[in-house]
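Here is a short briefing for a first look. Keep the sequence and the 3D view open while you read.

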Amino acid sequence: MRGQAITLDGVEVTYPNGFTAVHQTDLKVEAGEFFSILGPSGCGKTTILRAVSGFVEPSRGRILIGDEDQAHKGPNIRPTALIFQNLALFPLMSVWENVAFGLEARGVSKRKRKARAEELLDLVALGDQADKKPTELSGGQRQRVAIARALAVDPAVLLLDEPLSALDLKLRQHMRAELRSIQRKTGVTFIYITHDQGEALTMSDRIAVMNEGRIEQVGTGDEVYSAPKTAFAASFVGEANAFAGRVTAVENDMACIETPEGKFLGRNSASMKVGDAAVLFVRPEAVGFGTAFGNRLSARLVRRDLEGSFVNLLMRSDAGAEVAVQMPNVGTTPGVEDDARPIGFACGSAIILPEGPLARTGREVAAE
Amino acid sequence: MKGLLRGYGAGLVSVFFGSVLLWGLVLIILPQLAMLERALTKPKRQLDSSIAAQLERDAANCVTILAQYTTSRDDAPDNGGMAVPSASNMAVPSASGMAVPSASNMGVPNAAETRPFILQCDRTTTAKRMVRAAGQEVWLNELYNLPLLAVEQSDPVEAQIDTARKIEAQARTLYGSLLEAEANAPRYGAGNFAALTQPILIPLTDAAKAEEAAKLSNMLMGVVGLRFEQEGEVYVRIGLLTLTRTLLFGVAATALALLVCYPIAFKVALATPPERAVWLFLGLIIPYAIVELMRIYAWTSIIDNRVLLNEALLWLGAISEPIQFKRSALTVFVVIVYTYVLFMVFPIYNTMSTLDRNQIEAARDLGASTWRLHWRVIIPHAKPGIAVGCIATFMLAAGAFSVPRIISRGLQAEWFSQTIYNKFFESENSNIGAAYSFAYTLVCFLIVAAFMWIVRTRLKDFARVQ
Amino acid sequence: MTSSRILSVYTWAFLAFMFAPLILMMLSSVNNASPPSVTNWGGLTSKWYAFFWMPEDDLRADPTLRLLDRDRFVSCFGNSLTISVVVVPLSLLLGLAGAVLLTRWRSRANGLLWWVLLSPMLAPGVILGLSALVFWGRLGVNAGLFTIMMAQVTFIAGYPLLILMARLQRQPVELEEAALDLGASPFRVFRRITLPFLLPALGSAAVIALLASMENYNTTMFAKGGACTFATEIGAMGRNPNGHPPVINAVGTVIIVLTVVAAVAHSVFSRREAG
Ligand SMILES: Nc1ncnc2c1ncn2[C@@H]1O[C@H](COP(=O)(O)OP(=O)(O)OP(=O)(O)O)[C@@H](O)[C@H]1O
Ligand SMILES: [Mg+2]
C-alpha cells in the first residue's frame, strides 16, 4: 500500500482521569511525507500517535487516514503500524516470526510468510539473524526488526515513537540515514516522534513543534529553525539567546525592542505593535566579536567549551545577561581573564516574537 | 472497560467477567450470605407454639386413655390397664428444660389410687416450662395468662377427663393464636449469635473453686467477664472463652513465628552467597511442600504417651509416669507453630531477596550498626513480606482445625474451629454453628483489616510478595 | 564475625527442628511396632508399605492391619483424584480471569474486586467448607464430592490468581498492543502473545493447585458430607485414641521422598537452565 495522508480535525484527547493531554489540534500530514513531531517530554507526542493508531479514542474531533474517518475502528483494523518506544518485540518468538506476525494474523500461509519476512529482513540488513530470539540481538538490530515487523503489514502510515532514543550516537546517526532511505524506498507516510531536534531537522520533510498538548508551529526544518513563530519554538529548536523587553518602534518588517541590555532591532515577522511585551531571539552562531553589527553590546567571557570544529563561548554582558556565542574553531578566541569587549549581531539575524513560555534549559530540568 | 474490550475482544472479556462473577458471587459472596441467613434463622424447636401443640396432643391423648381406662375398669376391673403411650407420641422431642415427671410418681400407687400412672396425663398441665435461654424460667400459664390447671391423679377420673378437656381446648386456641403470631413474627433474630456469649455452669466443689479462683488465667477471665460467680456457682462463657483463647494463641503463634523466621529469611536471602543459599532454600522448601497432615502426624511419634519425649523423660527420671502431652493446649500450640511457621518465612524471604545487596554494603560502609541496618534498611524493605507473612500465619494458626483434631484426638475441644464443627455436626442446632462460624469470619476479618491498617499494607502486596 | 556464626548455627538448628519430626516419621515407618514409635523397637519391617498390595489373607493375619479398610482407602484416594480433575482446571480458569481483570481493568470496582477475590485466602479454611455446605444445601445439593469441589475452588483459585497476576504485571502492555496494531484479532493476541507468556506460570499454578487440592483437610472436612478424600481418610485414621496405624507413616515417608526428589530435581534443573 502506498502512503496515505492523515488529517487531525480538531482532535482533543482527555484521559479517563480527566487530564487533557492533547488540546484542539488541526494537522494535515501529506501522503508519503516524513513528518516529525518534536517536543519536550510529556507534551503529548505519544498520545497523538496512540490516537492515530487507535489505542485511545479522541474525546473530540476526527482522525482521517486517506479520506476515511477512523472513529470506532480498533487498532487492528487501521492501516497504521506503530513502532513502540520500547519496541515491544515478542520475546518468545524468533526474529522472523516476529516480522511475520502481522501476516500470520492475516492468514497468510507459512511458506509465504517466511519468504516475505526474509525479504524484509534483507531490507533492514538482518537476513542472517532470522532464527535468533530478539533478546540475542543488539539494540540497533532490535530496532531494525521492529521496523521490518511494522513494514510487513504493508501499512499506509508508519508511526515511530522515539525509536532511536536508546541507541548510542554513532548508531543513531547511521539509523537516521537508514530510516530515511527506507521511507523513500517504500513511500509510506512516516510520523516520527522525537525530542531530539537534530534528528527532526536532518530527517524530516516537515516538523511540528509541540508544547503542553498544543502544536506551536508546523513547517520545514528551515522554517522552524530560521523563522520560529512562537517564543517556545524559537527556544526549543536549536540554541537561542533571548532578550525580553518591550517594542518601542515598528518600521516595515522590522521592529525595535528595548531591553535591559539596550535597544535592538530585529525582524518583526509576528507583526508586533508598539508597546507589546516581546522577546528578541538570536542564534549563538549569529553573534560575533567587533562593532560591525546593527545591534551591539559589551560582554566579558565567562566560559569556553571546545566542541571540536566549534567553540562555544559563554559571555556575560555588562547588564548581567548571559550570551551564548558559537564560532568556528579557527584562530584564537579571547581568554577568560580578558576585559569586556564589544560583541554584536546583525539585525536581520534576530527575530522579535511575542512573549510566551520558553523551553526549559538543562539547568531548569535538573533543578526539578 | 473500553480498553479491556479493545484489548481482549468481547468474547474473551465476557468469559473473564463470567468466571469472576461465578467465583465472586456463587463461590464467595452468596455462600456467606446463605451462612448469615442460616445464622439469623431462629431454630424451629424453640417456638412456643410447638409447646402448646405438644400440650394439646398430650391432653387429647390423656382424655382418650382415661376414657379407655374408665370403660375397661367398668368392664374388667383388674385389667391392669397400664396405658402405653403410642410410640409416635414418644417420638416428639422434649425440650431439655421441659418439666420432667417426678420419678416418685412413676408407677407407684398413690394413696387415693384412682388410676395407674399415665405419662400423657402427667404432662397435661398448663404449668409448662418454656424453652428459653439457660437460667431463665418462664411458664406457659403465666406467660399467656391461662388458669393453672393440671390433671391430678388424686381427682376422680371424670374430673380428670374434664380438666384434660379444658386444657386441651385452651391449648388448641393458644396454639392457633401462637401459630398466627409466629407466622407474622420475624423469622430472623440474632439469638443464635447470643448463644456465643451464653454462660454455662461449672460444677465445682468449694475446695476446687478456691483453687481455681486463685489461678491467674481465671482471674484474667474474670476481669474481662468471661468467668463470673453468681449465687456461689461458677459460670463461664464457654463459647466466647474458646474464641478468645483461639485468637490469643493465633496471635502468639504469629509473633513467635515472626521472631523465629526473620533471622532465617535474612540468612537465606541476604547473608549467604547465592550459590550456597540455593541449598538452604531447598531445606526450607522441602518441609513446606510436604503434605500438611503428614507434618502433623510426624509429631505424634514425639508426643504420644509412650514414645520419644515421654520415654526420654522417664529414662531421665524426670517423671514417673507418661505426661499426657497430647491433651495440653501448649502441645497443640507448638505443633501449630511447626506446621505453619514456613508460611512466615517465604513472604519475608521473597521481599528481602529483592533488596539490592549493594544497599547493605553501602549502609555498612556509612558505618551503620547491625541493628540500625536492619531497622532502617532491611525491615522497611521487607515490610510488605512481613505483613503478608503475619496475616497468613495468623489465619492458619487461628483457623487451625487439623492440628488440634489430630494431635489431641478429639479429646478436647480447644480450638474454635472445633467448636464450630461440634456445634454444626454434632448438636441438633446447626443454626448456632452457623452463627459461630459467621461471627468467627467477621472477627478474623476485622483483625486482619485492623492489622493492615496499622502497618499500612495494602491487599496488593499479596500479589507482589508471592 | 561471631554474629554471622551465631546466625549460621541458629539456621541449622531451625532446619534440624523442621526435619527432625520428619526423620522420626520415616524411621518409625520401618519399625514393626504399632502405634508408631522410635523408642520401642520391634524390628525392621516393610509391612506398613506392603499393606497396599499384600494378599487379603496376610492382611487378616496382622492384628493392626486387619482393622484397616484398604478398599475404602483406595476409593478415597480415587475421590481425591476426581476432585482435583475438576478443581485444578476450574481454579486455573477463575484465577486467570481474575488476574486479567485485576491487572488490566482500570475501574473503580478494582479495589472491591481485590477484596472479594482474595478474601477466601484470608478466611479460616473451615468457614469456606461450611458455607459451601450451607449454600449448596439450600439449593438442594447434598454434601458430597460436588460441595468439596466448590469449597476447594473458592480458595484454591487464589493461588493461580496471585501467580498469574505477578507474571502479567511483568508483561508490558505494549506487547499486546503491538500485536493488536499488527492486525491480530484480540483472541489471537491472547492465544499467541498472552497465553504463551503465561504458560510457565500456568504450569506452576497447576502444580500448586493440585497439591493444595490433594492435601486440603480443613475445608474438605466441613464440606464432605458422607464422602471421603485422601486427606480426610488419613485424618480419620488418626482418631484412634491409642495411636494411629504406622501405615500413615509409610504413606508419609513416600510423600517425603517424592517431595525431596521433586524439589532437588527442580532446583538442579532450574540452576542448569539459569547457568
Ligand atoms: N493513561 C494515561 N492516563 C492519564 N494521563 C496520561 C496517560 N498517559 C499519559 N498521560 C499524561 O499525558 C501527558 C502526555 O503523555 P505522553 O505519553 O503523550 O507524553 P510524551 O510526549 O510521549 O512524553 P515522552 O517524551 O516522555 O515520551 C503526560 O503528562 C502524561 O502524564
Ligand atoms: Mg512518549
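Two strands count as paired if DSSP finds at least two bridges between them. With that in mind, Ile6(A) stands opposite Val29(A), a residue of strand 2 of chain A. The model shown is predicted. The points below take chain A first, then its ligand, then chains B and C.

**Chain A overall**

- The C-alpha trace of chain A spans about 75 × 45 × 35 Å along its principal axes.
- Chain A holds nine helices and 20 strands.
- Of the 368 residues in chain A, 49% are buried. Buried here means under 20% relative accessible area.

**A four-stranded sheet in chain A**

- Strands of a sheet pair through backbone hydrogen bonds, either parallel or antiparallel.
- In chain A, four strands make an open sheet in the order 2-1-4-5, and their pairing is antiparallel.
- Strand 2 (20-29) and strand 5 (68-69) of chain A are the edge strands, and each pairs on one side only.
- Strand 1 (residues 6-14) of chain A runs antiparallel to strand 2 of chain A, and six bridges join the two.

**A hairpin in chain A**

- How many residues lie between strand 12 and strand 13 of chain A in their hairpin? There are two residues between them.
- Strand 12 covers residues 254-259 and strand 13 covers residues 262-267 of chain A.
- These two strands run antiparallel and are joined by six bridges.
- Cys256(A) has Leu265(A), in strand 13 of chain A, as its bridge partner.

**A covered strand in chain A**

- Strand 20 (residues 350-354) of chain A is mostly covered. Four of its five residues are buried.
- Strand 20 of chain A pairs with strand 14 (residues 277-282) of chain A. The pairing is antiparallel and runs over five bridges.
- Within strand 20 of chain A, Ile352(A) stands opposite Leu280(A).

**Ligand 1 and its shell**

- Which residues are the closest to ligand 1? They are Ser41(A), Gly42(A), Lys45(A), Thr46(A) and Thr47(A), out of 14 residues that surround ligand 1.
- By class, the shell around ligand 1 has eight polar, four nonpolar and two charged residues.
- Helix 1 (residues 45-53) of chain A gives the largest share of the shell around ligand 1, with three residues.
- The side chain of Thr46(A) has an N or O atom 2.4 Å from an oxygen atom of ligand 1.
- For Thr47(A), a side-chain N or O atom is 2.5 Å from an oxygen atom of ligand 1.
- Cys43(A) uses its backbone: an N or O atom there lies 3.3 Å from an oxygen atom of ligand 1.
- Taken alone, ligand 1 exposes 630 Å², and the protein buries 65% of that.

**Domains of chain B**

- Chain B is divided into domain 1 (44-75 + 113-184), domain 2 (199-236) and domain 3 (241-464).
- How far apart do the C-alpha centres of domain 2 and domain 3 of chain B lie, and what is the value in Å? They lie 32 Å apart.

**A covered helix in chain C**

- Helix 12 (residues 230-237) of chain C is mostly covered, with seven of its eight residues buried.
- The buried residues of helix 12 of chain C are Phe230(C), Ala231(C), Thr232(C), Glu233(C), Ile234(C), Gly235(C) and Met237(C).

Conventions. Residues are numbered from 1 along each chain as its sequence is written. Chains are lettered from A and ligands numbered from 1 in the order in which they are written. This is a predicted model: local features need pLDDT of at least 70, side-chain atom pairs count only at pLDDT 80 or more; totals for chains, interfaces and linings use all residues. Side-chain values use heavy atoms; hydrogens and water are left out. Domain bounds come from an automatic or database domain assignment. A residue is near a molecule or strand if one of its heavy atoms lies within 4 Å of it. A polar contact is a pair of N or O atoms within 3.5 Å; within protein, one must be able to donate a hydrogen and the other to accept it, and residues adjacent in sequence count only if both atoms are side-chain atoms. Accessible areas come from the Shrake-Rupley method with a 1.4 Å probe; for residues, only the protein chains shown count as cover. Ala, Val, Leu, Ile, Met, Phe, Trp, Tyr, Cys and Pro count as nonpolar, Asp, Glu, Lys and Arg as charged, and the others, Gly among them, as polar. Buried means under 20% relative accessible area, exposed over 50%, partly exposed in between (1.4 Å probe, protein chains only).
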